[in-house]
Amino acid sequence: MKKLLLSSIIVIIGFTFIGRLSYLQLFRFSPDQILEDPAIKKIYDYPERGYIYDRDGKLMVGNQPAYDVMVIPREVKPLDTLEFCTLLGIDKATFVSKMNVARHYSPRLPSVLVPQLSKEDYAKLQEKMRHFTGFYIQKRSLRYYNTHSAANVLGYISEVNEWELKNNPYYVAGELKGHTGIEKQYEEELRGRKGVKHIQKDRFNRDIGPYKEGRLDTLPMPGNEIQITLDKELQEYGEQLMHGKRGGVVAIEPKTGEILAMISGPTYDPALLVGRERSKNYSKLHYDSIAKPTWDRSILAQPSPGSPFKTLNALIALQEGVVTPETTFRCYHGFYVGNTLRGCHCGGGIKNMNSGIYESCNAYFAGVFRKIYEKYPTTDQGMDAWEKHMKSFGLGGYLGTDLPTGAPGRIPDKTYYDKWYGDGRWAASTIISNSIGQGEIAATPLQLANMTAAIANRGYFYTPHIIKKIGGSGAIDPKYTEPNYTTIDRKHFDPVIEGMANVYQYGTAKWLKIPGVDIAGKTGTVENFVRIDGERMQLTDHSVFVCFAPVENPQIAIAVYIENGYFGARYAGHIASLLIEKYINGEITRTDLEKKMLEKTLEHEYAKPYSGEPFKINQREW
Amino acid sequence: MSGKGPFGRIDWISVILYLLLVFIGWINIYSTSLTDSDGSIFDFSTLYGKQLFFFGIAVLGIILVLFVESNFFERFSSIFYMVSIALLLGLFVFGKTIAGATSWYNLGFFNLQPSELAKVATALALAKFLSDIQTDIRTRKHQMYALVIILLPALLILPQPDPGSSLIYFSLFFVLFREGFPIYYLGILLVMVALFATTLMFGTVWVSIGLVILALLIYTFKKASVKIPILPVVGAIIVSILFSLSVNLVFEHVFEQRHRDRFALWLSLEKDEKKLEEIRKTIGYNTYQSEKAIESGGFFGKGFLEGTRTKGDFVPEQHTDYIFSSVGEEWGFLGTMTVILLFSIFFLRLIHLAERQKSDFSRMYGYGVISILVFHYFINIGMVIGLLPTIGVPLPFFSYGGSGLIFFSMLLFIFLKLDSNRLKDGI
């Protein structure tokens, strides 16, 4: 017993140690320790974010340096606080509290004292900097906008949020990332790839050299330049015209599907969301719940399209063979649904397709619409056929553009109405409003522009897109170079386009002709209602216009939607006409027209429903 | 083996195990103290350079030991002991204070720690006393003498303060147990430790209830033929309860807060998560970092010189008391197992050597050596891997430190010298 005592104790100790070490090193060990290892710090080397150019190679977005004043609290020597504060443009209380925050964070590590000094402040400060030990200036890169336009299209970059941190291992807290627009859509192209250095730290968090001699380190890969399809000048001009108006404008090049302009009113200067004032400006824009400047109306607003939609009903009727261009309907200054007369502004009389379009006759299209449904034994079948044609124009669903946001619009189908009215309890006459683009139809300005492009191409469209070229290779997603064919045969387009061209010759837009350019277009005037304090109120009609030009070799297709702009040829027609002239001729000859658009605003219309007073709608302005 | 010369009959297995342990220890000191600017391993301004130098001195000391007549140690053991006691006393006047403990003499090139020397001397003196033909350990008087020999240096070291080293002297009780000191004393000691820990964890009331239930269980399930008298059992329970009560008194009034915190951490007494975090950051910081470092090594370790926490100096005192955490981080489970196995084999080999001695003195000294080494090993690694509270003792042959390495080597090689001469015993 006494001889074995010590030996047994040694063996027992040995097993105890082995047990404990197995627990620590085998059971508790996890292979991704390196991620939480306090001894290894990753330092990132950020490449420059890629520039953004317009379709002609004009710079739209670049980078600018910004200067952060940094402090290492432990190294700070007594200083002339007053002078320093004056140079930094802050008061003493701010300075003291920021110093305390920095000291609390770490006396040994740098903290930001004043972020993003302007170039001017930096110049002043730089020569005095040597008097202030413990402070230094750190350069960083911010976005620079070479335009005051296209804020919503370009988007902005801002710090990654927690959700992204959790779901995307690439990002580290505090990094910048594109959050809207092109910055978001092409984030990976623009940002490049940051370089990583692994630094071995000691327990005071000081660097003590590279980890594993830098074998795990990587070099930064610069971001790609991208060229987008916007025409900078057209975009800027369009935004000027939209001054004081709410709505959306989209211009597309029909033969490529490239988006030439995407304007939302009201808009803002993209530079507002860069620099020291960013968060203040962002709150202002974001919380403006009435004008909603950050809500891109060109792709998110989904008004009823109104009369431009008649052109599609005409095409469908031709394709279905239920009318010919010569088929006529009589307009009784309106048309009868049962015993009710629904009004029409065309002037009445007998209409064929040509005059039905250019005079925008409701009665004609109600007749056409009925004929489409009459062809089929049941309303359901008629609805299916009609819906299929409509959707082939990119309506009633997402278009699949390379914009990070969008709206589907709406083409109602039979299930929709079955739910609404009950199964089998509706017919073509019930939904007759669809014939003139009102009712349950909804489309974004982008969808309208795309539909117009499909008409301009006589039967197909390219998915609208904003990207033209990425980096040196230039390759973009092949789905943007494949045509999407509509269900309408090419031959049926000519009579409809003729009608649209006559809109400018004899019709609703005859005052908007551009000398030397043949345009085909269609006005729209859309009734709209709001609910204020639970009361349904009608507001001044939305002004809608779609057109393309030149008729024989279309270069541009445009959809303009102006909230409460009254009839289509007013605001929307004017703006569309000026944009076409600008794009095709490069200059404006009709300066009176231009002046009117630049000066007129609709602020008074927008104020009406909020005034609390009774108001009149659809008043004549000129 | 020819039996001629100083190395003739030395136990080469022990020597090789010793060299392996010193080598592995040095490798880890190298890793913990290497900085990027360092060049040669013989650079004596670095810790690993110095340790190499100390090893050189240790080798000289070993050679000296091997050339000395083996009965020299037995004959002069009383004098060694008295010199050590004098040196320990002298510390109160001439001692040099390092890190709050007055444990060193400044010899210019070298700080001498007499408590290390005293371990050798006490082991020798105890062996000398016990092997005396007139000593009978079964008598109270001689038990008292033996206790005085052991406890005198411990008492002198305690106020330095160096409770760790002081505690080490208690290991010499194992020599007494080997020589006939009743083993149930060890049992009583273990019961006291158990009572101490359980009282802190559950309180006197629950401990008392537990003891009574235990006694009842024993009476219920014992064989009918076995008679256990009631009175001593009741007496034992009462004494235990009194002890349990005194534990609370001692813990609250004799211990300082830092000691209480160590126990709080060790026995998971503190339930308040915030306070626990605070303790972890202060008193438990070393243990926490050391456990983390060992844990992060996994099965294979991060590789030599690749231990990030070792390089970053995250474990304080890593080159001295916490050297084993570097083994854990850089060499992983394989490394720690190797070291544990080497130590175990080494100790068992030494016990084997001790048991084969013909001379009582040699055997008793051998047991002294083994007890001291095992105690260091147990307390040190137990602390580093978080099984024991923080008690500052070095890991023999591993930890950085001149006095430690040199005197551990002397301690061992005096025994190996005695062993090599065992056939000539009885002169």
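Start by selecting I558(A) in this predicted model. Leaving aside residues up to four places away in sequence, I558(A) touches V249(A), A251(A), A449(A), V546(A), C547(A), A576(A), L579(A) and I580(A).

Now widen the view. I558(A) belongs to the largest nonpolar core, which has 122 residues. Colour the residues with the most contacts inside this core: besides I558(A), they are V250(A), A251(A), A449(A), C547(A), V560(A) and I580(A). Show domain 1 (46-193) and domain 2 (239-276 + 301-611) of chain A as well, since the core draws at least three residues from each. In soluble globular proteins, nonpolar side chains tend to be buried together.

Next, look for a second, separate core, this one of 101 residues. Among its members are I40(A), F54(B), A123(B) and L412(B).

Select α4 (residues 114-131) and α16 (residues 360-384) of chain B: their axes come within 8 Å and cross at roughly 145 degrees. Which hand does the crossing of α4(B) and α16(B) have? It is right-handed.

Finally, display both chains. Here 31 residues of chain A are in contact with 36 residues of chain B. On the chain A side, two or more residues come from each of α1 (5-27), β8 (195-201) and β9 (207-210). Pick out α1(A), which gives the largest share, 13 residues. The chain A side as a whole divides into 16 nonpolar, six polar and nine charged residues.

Notes: Residues numbered from 1 in each chain as written. Chains lettered and ligands numbered in written order. Predicted model: local features only at pLDDT ≥ 70, side-chain atom pairs only at ≥ 80, totals over all residues. Contact = placed C-beta atoms within 7 Å. Helix = DSSP H or I, 4+ residues; strand = E, 2+ residues; numbered from the N terminus. Nonpolar A, V, L, I, M, F, W, Y, C, P; charged D, E, K, R; others polar. Axes fitted to C-alpha atoms, helices over the stretch in contact; angles between N-to-C directions. Left-handed = near helix turned anticlockwise from the far one by under 90°. Core = buried A, V, L, I, M, F, W, Y, C linked by C-beta atoms within 7 Å. Buried ≥ 20, exposed ≤ 12 C-beta atoms within 10 Å, placed from the backbone. Domains from an automatic or database assignment.
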